[in-house]
Structures are given as structure tokens and as C-alpha cells.
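Here are my notes on this one, for you to read with the model open.

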Amino acid sequence: MAKGSTKQVVKPMEVSVEAGNAGEAAWLDDDGRPRRTGTFWTASAHIITAVIGSGVLSLAWAIAQLGWVAGPAVMLLFAFVIYYTSTLLAECYRTGDPATGKRNYTYMDAVRANLGGAKVTFCGVIQYANLVGVAIGYTIASSISMRAIRRADCFHQNGHADPCRSSSNPYMILFGAVQIVFSQIPDFDQIWWLSIVAAVMSFTYSGIGLSLGIAQTVANGGIQGSLTGISIGAGVSSTQKVWRSLQAFGDIAFAYSFSNILIEIQDTIKAPPPSEAKVMTRATRLSVATTTVFYMLCGCMGYAAFGDAAPDNLLTGFGFYEPFWLLDVANVAIVVHLVGAYQVFVQPIFAFVERWASRRWPDSGFIARELRVGPFALSLFRLTWRSAFVCLTTVVAMLLPFFGNVVGLLGAVSFWPLTVYFPVEMYIAQRGVARGSPRWVSLKTLSACCLVVSIAAAAGSIADVIDALKVYRPFSG
């Protein structure tokens with residue numbers, strides 16, 4: 001694999017999310033593409049980076065809507081559902097033999113190989129719309145944490161009565177500038193170190209949130225909250241209770257979702273033995289188990305500390321004011337994590353567009369010629385297109401500061417098809433599961449139940465977006 005600074009002509013992103021331009025057979029995989037180097041640990045890091053987002057800090061709010069009974073139960077239920085459907089999807093990476101069958105480099109490729117027709121287009125629209133939405137949402141989330149650092153310092157100096165207002169727009173611009181730099185790293189396999197750093201950061205801020213929740217519970221002299229969650233009464237109507245419960249149900253379900261990039265992550269794993277599906281299943285098992293433990297601890301301890309008054313973000317909603325320096329450390333960790341998570345989610349978009357451009361203009365020097373410097377691969381096309389994408393997501397984030405609510409809606413709409421429907425249908429088609437058999441009925445029942453959850457959560461998210469539009473002002477972040 002070329003190292004250092006060398007100038008060469010290549011077909012960019014010819015390997016989906018794999019790197020390298022070496023031609024020697026020893027450096028090639030069974031499909032003639034540069035040898036993959038991913039392992040169980042790098043795949044686990046990618047998954048944890050994608051799954052444990054700053055949304056973990058809002059789980060206390062979600063549990064507050066559902067209560068001590070339904071909240072943890074729903075969390076465990078969806079942990080199982082996500083793990084099971086992810087193992088089904090991992091089996092679809094290769095068509096035919098799990099060790100030597102034809103590789104499917106992207107989620108769309110897997111759908112094309114197993115289902116075909118209009119379902120491929122439907123999958124592509126849902127998947128990439130969701131990924132773009134996540135990129136915008138992460139830009140907003142990072143600016144909230146950066147602004148929270150300034151507010152925490154302000155509260156410490158001036159007291160809690162000071163509103164400590166500031167605009168989030170400069171922080172969004174700063175986050176976008178950093179992403180333009182990291183976006184020049186060509187593919188998944190080259191950002192393994194960024195995913196590991198991001199995963200460590202996710203544990204850091206989750207651990208701080210957990211510790212503060214425990215400290216607050218001890219200070220309260222007992223556990224807050226109730227078995228059924230927020231009660232209907234002062235400030236909460238029966239309608240609001242329903243919408244918030246649906247939204248919480250959806251938030252917990254989507255908090256585990258990473259199916260939209262699972263195949264792309266799997267395409268970084270080194271060739272068999274063992275098969276990529278076995279490695280991915282193990283990585284998924286570790287990642288979902290780790291995530292569930294952190295979700296249960298952070299969500300439950302946050303609810304125990306604040307009860308019905310749990311903020312929608314433990315570290316930026318100012319459930320805590322002191323120690324202010326610890327809040328600063330946690331929010332810095334959130335920002336660093338979001339830098340890595342942003343890249344994990346946008347790399348499939350970059351790969352899709354660059355493969356299309358390479359096929360459309362195979363002899364173009366603007367597209368093919370690149371200069372490699374360490375992990376970066378600089379080309380005029382990559383620099384122009386990726387920078388333009390980051391700028392677009394940054395501008396949309398500034399224009400629509402409530403876009404986090406829209407991301408919730410996109411998550412609701414994409415949860416069922418990407419996490420459940422396509423994995424189930426592809427598995428049935430690939431394994432030839434007989435129609436009407438017990439396994440077929442079980443899989444179809446699972447899909448139908450998750451469709452109901454997705455529709456209900458979408459309804460709650462739509463109500464949330466409508467409320468946000470009532471007070472909407474452009475660039476008001």
C-alpha cells in the first residue's frame with residue numbers, strides 16, 4: 001500500500017470504503033481489490049462510535065416519560081431486536097457461500113443482490129437521506145455542547161440567574177471547518193483510529209454523566225421517579241403524555257440503530273477465515289451489550305437523580321451546574337466523539353458519489369489524480385465535493401436549528417425499513433425460508449411489530465416538529 005507523499009493516477013473509491021492502490025497480488029483480496037485490514041476490534045469501535053452518540057444523555061428524559069417499568073423494559077427489548085436483525089443483515093454481506101460468495105460492498109448492493117427492483121431505489125433514498133440528516137444533526141449537537149462549555153463557565157462566574165446567552169452559529173462553523181479536514185481521509189479503513197478515539201470519548205462523557213447522576217441521587221437521599229413515568233396534571237396534558245411517550249419509545253429504539261452503515265463497516269473486515277459475517281456478529285454482540293449497559297446505567301441513574309424533571313440532555317440541559325470543569329471535560333469529549341461519528345456516517349455517502357463519478361468519467365484527471373499524504377488522499381474532486389457537502393450540512397444546521405427534531409422524524413421513518421424490513425426480507429430470500437413456516441411467520445411478525453413502532457414514533461416526531469415550527473426563526477441558533 002502506498003505510503004508517504006506520492007503522486008499517482010487511480011480510480012477513487014473503487015473499493016467502496018477500502019483504501020490502497022497497490023497492484024501486487026499479495027496485497028489484493030479475493031475480489032481483486034486492496035486487502036482489507038479490519039478486525040473484530042476495529043469493527044466494534046466503528047459500531048460503538050455510531051451507536052453510543054450524545055443521545056445517551058437524553059435517555060433519562062425518555063425513561064421519565066415511560067417510568068421505571070416500561071423504560072428499562074423497552075431498552076432491553078430493542079437491544080435484542082437490533083442485535084438479532086443486525087446478525088441477519090451481516091449474513092447478506094456475501095451472496096451465496098459465506099466465505100467465498102460475491103461481496104456486497106454497500107447496503108444498496110446487498111438489497112440489489114437479494115431483492116432487486118424498486119426496493120433498491122427505495123433503500124438508497126431512505127439510507128442516504130438518513131445519513132445526511134444525521135450529519136446535520138451532529139453539527140447541531142456539537143454546537144450545543146460547545147456552547148454549553150461557555151455557559152457552564154458563565155454560570156460559575158456570574159451565578160445561575162445570568163441567562164448566559166450566545167449564538168451557536170460560530171461553533172457550527174468551527175465544527176464544519178474541522179470536518180472539511182477530516183473528510184479528506186478517503187475511507188472507513190483509514191479512520192479506524194478516529195473511531196477508537198471517538199469510542200473512548202463516548203465512554204468518557206457517559207461515565208461523567210453516570211457519576212453525576214449517582215452523586216445527585218445520593219444528595220437527594222433517595223431515588224426519584226415513578227413506575228409509570230410523568231403524571232398527567234400540572235403542565236402535562238393527556239395528549240402531551242401520549243406524544244411524549246411515543247417519542248420516548250422511538251428515541252430508545254433509534255438509539256441502537258446502526259444498520260444503515262453495517263454493510264459498509266463489514267466491508268472493512270479482513271478476508272476469511274473466519275468469515276466476515278462471524279466477525280461482524282461478534283462485534284455486534286459486544287457493541288450492543290456494551291451499549292445496553294451504558295444506556296441502562298446513564299438513563300436509569302439520570303431518572304433516579306431528577307425524576308420527572310429529568311432534562312433532555314444531562315450535560316447541556318443543565319441538570320448539573322457544578323463542578324463546572326467536569327462538565328467542560330464531558331462536553332469536550334462529546335464534541336470529539338461527534339467529530340469521529342460524523343465521519344463514520346458520511347463515509348458511505350462520499351463513497352457512493354465518488355464511485356458514481358469514477359464510472360461516469362473514468363479518464364478524468366480531475367477525479368482520478370490524487371496526492372497521498374499519510375491518512376489523507378488529496379484530489380481536486382474529493383476536495384471540492386466533500387468540502388461542498390460539509391458546507392451544505394453546516395449551512396442547513398444554521399438555517400434550521402430545530403433540525404434535531406427533523407432528524408428524529410427521519411430516524412422514525414428509516415428505522416423500520418433499514419433496521420428490520422430489509423434485513424428480514426433479504427435473509428428470507430437468501431436462505432430460502434419457506435412461506436408459512438414457523439420461522440417465516442416469526443420474522444414477518446417481528447417486522448410488522450417494528451412497523452407499528454416506527455409509525456407511532458413518526459407521529460410523535462411530527463407533533464414535535466409542528467411545535468418547533470410555531471416559534472421558528474432562521475439562523476436563530
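1. Ground rules. A salt bridge here is a side-chain nitrogen of Lys or Arg within 4 Å of a carboxyl oxygen of Asp or Glu. The model is predicted, so local features need pLDDT of at least 70 and side-chain atom pairs count only at pLDDT 80 or more, while totals for chains, interfaces and linings use all residues. Residues are numbered from 1 along each chain as its sequence is written, and side-chain values use heavy atoms, with hydrogens and water left out.

2. A search of the whole structure turns up eight salt bridges. One of them joins Asp267 and Arg36, at 3.2 Å from N to O. Asp267 sits in the loop between helix H8 (262-266) and helix H9 (276-306) and Arg36 in the loop between strand E1 (6-9) and helix H1 (40-51), so the pair ties together parts 231 residues apart in sequence. Helices (H or I, at least four residues) and strands (E, at least two) are DSSP runs, numbered from the N terminus. Both partners are buried (under 20% relative accessible area; exposed is over 50%, partly exposed in between; 1.4 Å probe, protein chains only): Asp267 has 0% relative accessibility and Arg36 has 1%.

3. Other charged pairs. Glu354 bridges to Arg382, with the closest N and O atoms 3.9 Å apart. That pair links distant parts of the chain, Glu354 in helix H10 and Arg382 in helix H12 (residues 380-399), 28 residues apart. Glu354 and Arg382 are both buried. Asp109 and Arg112 come to 2.9 Å, and both lie in helix H3 (residues 107-114), three residues apart, about one turn of the helix. Arg112 is partly exposed, at 45%. Arg94, Arg103 and Glu276 form a salt-bridge network.

4. Cysteines. The whole structure has zero disulfides (cysteine sulfur atoms within 2.5 Å). For Cys300, the nearest cysteine sulfur is that of Cys298, 9.7 Å away. Cys300 is buried at 14% relative accessibility. Cys164, in the loop between helix H4 (118-158) and helix H5 (169-182), is buried too, at 4%. Leaving out residues up to four places away in sequence, Cys164 touches Arg150, Arg151, Cys154 and Phe155, contact being heavy atoms within 4.5 Å.

5. Helix H7. Its 18 residues (238-255) should span 26 Å at 1.5 Å a residue, and the end C-alpha atoms are 26 Å apart, which agrees. The expected span is 1.5 Å times one less than the number of residues. Buried residues of H7 include Lys241, Gln247 and Phe254.
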